[in-house]
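This briefing covers aromatic contacts, strand pairing, salt bridges and backbone details of one model. The sequence and structure come first, and the notes follow by topic.

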Amino acid sequence: MAHTPAGPAENERKEVTRSRRSSALRQSEMLQLLARRQEISVAELAALLAVSEMTIRRDLTEMAQNGSICRTYGGATLSTTGEPVMIDRLEPRFESRLLQHHTAKLRIAAAAAELGKRFRTVALDVGSTTFLAARGLSDCPHLKLFTNSLRVAHDLSPAKAEIYLAGGRMRPDEMAIGGSSALRQFSDLWFDVTFLGVSGLTADGIYDYSFEDAGLKRLYLARSSLKVVLCDSSKFQRKSLVHLAKLEHIDMLITEQAPAPALSAVLAAANIDVIIAPPLAGEAQSLS
């Protein structure tokens, strides 16, 4: 069949589509460059992206309007306007945290469980989202689950998976085991994957409420091949008592909603895979 040449209107439509796509790609690359460089000039951006300075200025104007960057004299920096970092000084009780953003946590937990089933040795941190994720792993007989959460161990018993619980001093509300004996017990192990709960995530890294739990959280990060943070979007741009690690020390973030452009750029610059957990089956009907 003979090919019919596209008319002027169709060619114009395709050109606009290409322009928009290339603009979105450029802006994503610019955010990643800014995440690494903090500030960069229009001339540098034009040279690095092989476009005109006029194109860069047009992109920066659009990005400044949506709040992802701040214009400077001759360049730009990443913006924090509209995304202030909040400080949480008090740790809510476990039962309260479990109910907060529950649907988001269920999505994240389900995605984490599907990932965890691919491995054999899984470290499970304390926390409400990791608690939910553990339930999705309990029926896998090939898994060895290592945790310092007495709540996880009790909730899953009996389970087809093998469960190993660290021994030490228990923090009552969280039912978290910690201390030097727990650290010694798990320090000789190597895990295929760790699922870590956090209280907050910013461009500076990940945070937790309790310094008593921080030791094992850091051990999980140090002793795992794949380091996965489970964090719903309400915790973005929040920090608390303990700075656990910089973003460069984690491999993957599972969340239910994409972070804002500036934080997304920082995560991309740290080479973190961001997984957006999909809605659960029947979720739309239950919310309607």
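A residue is called buried under 20% relative accessible area, exposed over 50% and partly exposed in between, with a 1.4 Å probe and protein chains only. The model is predicted: local features need pLDDT of at least 70, side-chain atom pairs count only at pLDDT 80 or more, and totals for chains, interfaces and linings use all residues. Residues are numbered from 1 along each chain as its sequence is written, and side-chain values use heavy atoms, with hydrogens and water left out.

**Aromatic contacts**

- Rings of Phe, Tyr and Trp (its six-membered ring) pair if their centres lie within 6.5 Å; planes under 30 degrees apart count as stacked, over 60 as edge-to-face and the rest as tilted.
- The count by this rule is seven aromatic pairs.
- F186 and Y220 form a tilted pair, with 6.4 Å from centre to centre and 40° between the planes.
- Because F186 belongs to helix α8 (residues 180–187) and Y220 to helix α9 (residues 211–222), this pair ties together parts that are 34 residues apart in sequence.
- Helices (H or I, at least four residues) and strands (E, at least two) are DSSP runs, numbered from the N terminus.
- F186 counts as buried, at 1% relative accessibility.
- The rings of F191 and Y220 have centres 6.0 Å apart and planes at 70°, so this pair is edge-to-face.
- F191 lies in strand β10 (residues 191–197) and Y220 in helix α9, so the pair ties together parts that are 29 residues apart in sequence.
- F191 and Y220 are both buried.
- One aromatic cluster is formed by F146, Y164, F186, F191 and Y220.
- R151 lies over the face of F94, 3.8 Å from the ring centre; the criterion is NZ of Lys or CZ of Arg within 6 Å of the ring centre and within 35 degrees of the ring normal.

**Strand pairing and crossover**

- Strands β6 (residues 144–147) and β7 (residues 162–165) pair in the parallel sense over four bridges, where pairing requires that DSSP finds at least two bridges between two strands.
- T147 has L165 in β7 as its bridge partner.
- Together with helix α7 (residues 150–156), β6 and β7 make a right-handed β-α-β unit.
- A crossover is right-handed if, with the strands pointing away from the viewer, the path from the first strand over the helix to the second runs clockwise.

**Salt bridges**

- The structure holds 16 salt bridges, each being a side-chain nitrogen of Lys or Arg within 4 Å of a carboxyl oxygen of Asp or Glu.
- R135 and D155 form a salt bridge in which the closest N and O atoms are 2.8 Å apart.
- R135 lies in helix α6 (residues 128–135) and D155 in helix α7, so this pair ties together parts that are 20 residues apart in sequence.
- R135 is partly exposed, with a relative accessible area of 42%, and D155 is partly exposed at 32% relative accessibility.
- E162 and K144 meet through their side chains in a salt bridge of 2.9 Å, N to O.
- This pair links distant parts of the chain, with E162 in strand β7 and K144 in strand β6, 18 residues apart.
- E162 is partly exposed at 35% relative accessibility, and K144 is partly exposed with a relative accessible area of 26%.
- The side chains of E212 and R169 form a salt bridge of 3.3 Å, N to O.
- Here E212 is in helix α9 and R169 in strand β8 (residues 169–171), 43 residues apart.
- E212 counts as partly exposed at 38% relative accessibility, whereas R169 counts as exposed at 59%.
- Salt bridges with shared partners join E91, R97, R169, R171, E174, E212 and D213 into one network.

**Backbone details**

- Most residues other than glycine have a negative phi, and most peptide bonds are trans.
- S157 and P158 are joined by a cis peptide bond, with omega about 0°; P158 lies in the loop between α7 and β7.
- A50 has a positive phi near 60° in a residue other than glycine; A50 is in the loop between α2 (42–49) and α3 (53–65) and counts as exposed at 69% relative accessibility.
- H101 likewise has a positive phi, near 50°; H101 lies in the loop between α4 (94–99) and α5 (102–116) and is partly exposed, with a relative accessible area of 45%.
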